[in-house]
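Open the model in your viewer and keep the selection tool at hand. We will go from stop to stop, picking a few residues at a time.

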Amino acid sequence: MNQVIPELQPTPERRPAVLVAHDVTLRGGAVALRPMAEGDWDVLLKWNNDPAVMELADANPFEETTLEDLQTIYRWISTHAYCFIMEVAGKPIGECWLQRMNLQRIVAQFPDQDLRRIDLMIGEKELWGRGYGTEAIRLLVEFGFRQQGADAIFAPVAADNRRSQRAFQKNGFTCYARHRESDGSINTDLVL
């Protein structure tokens with residue numbers, strides 16, 4: 001399991017009751033990233049309960065998630081991240097966020113630097129391989145560096161998720177480190 005910085009871990013007394021809202025919308029050629037909202041639970045639940053999607057999006061073994069658990073996770077992430085729904089032609093196709101780096105193995109190596117991380121999932125499998133993830137990454141990178149002033153942006157990606165690695169590499173990311181998780185899976189940390 002990734003060692004997460006303690007102040008970035010949810011505790012019962014600090015769990016928000018709703019998503020922390022922001023008003024940032026990012027637009028590219030085909031992809032728009034709009035703020036994630038409380039009305040998005042149906043698509044988020046569908047994507048997070050699809051074993052094929054989650055096999056590539058999460059290093060942990062697949063387990064179905066409840067709406068309550070999903071809300072706890074995303075609401076907490078929204079306290080440290082700009083959470084977005086990816087849309088193409090007005091239709092939700094996935095989710096992504098630009099988050100303050102929370103992995104101690106990385107933060108410890110760059111004290112006093114503004115580190116961010118991108119997490120991304122295209123939930124509509126029929127749209128995989130069409131460049132939408134690559135475009136969303138580009139939008140998040142531009143936002144992270146130009147408007148947020150990040151010093152570096154990382155992307156933790158499962159070592160066997162070649163499609164995701166290529167999408168990040170097309171945006172200039174390179175391999176920073178590989179590491180084995182407690183469950184035996186291998187992840188690759190990419191950096192820009």
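Strands here are DSSP runs (E, at least two residues), as helices are (H or I, at least four), and both are numbered from the N terminus. This is a predicted model, in which local features need pLDDT of at least 70 and side-chain atom pairs count only at pLDDT 80 or more, while totals for chains, interfaces and linings use all residues. Residues are numbered from 1 along each chain as its sequence is written, and side-chain values use heavy atoms, with hydrogens and water left out.

Now widen the selection to residues 91–100, strand S4.

On to strand S3, residues 81–88, which pairs with S4 in the antiparallel sense over eight bridges. Pick Ala81 and you will find its bridge partner in S4, Gln99. S3 and S4 form a hairpin with two residues between them. Click on Ala89 in that turn: its phi is positive, about 55°.

How enclosed is S4? Seven of its 10 residues are buried, so the rest of the structure largely encloses this strand. Buried means under 20% relative accessible area, exposed over 50%, and partly exposed in between (1.4 Å probe, protein chains only).

Next, select helix H3, residues 67–77, and show its buried residues: Leu70, Gln71, Tyr74, Arg75, Trp76 and Ile77. They pack against helix H1 (41–48), S3, S4 and S5, where contact means heavy atoms within 4.5 Å.

Time for some rings. Rings of Phe, Tyr and Trp (its six-membered ring) pair if their centres lie within 6.5 Å; planes under 30 degrees apart count as stacked, over 60 as edge-to-face and the rest as tilted. By this rule there are eight aromatic pairs. Show Trp41 and Tyr74: their ring centres are 6.3 Å apart and their planes at 65°, so this pair is edge-to-face. Trp41 lies in H1 and Tyr74 in H3, so the pair ties together parts 33 residues apart in sequence. Both Trp41 and Tyr74 are buried.

Phe154 counts as buried at 1% relative accessibility, whereas Tyr176, at 28%, counts as partly exposed.

Technical notes
Two strands pair if DSSP finds at least two bridges between them.
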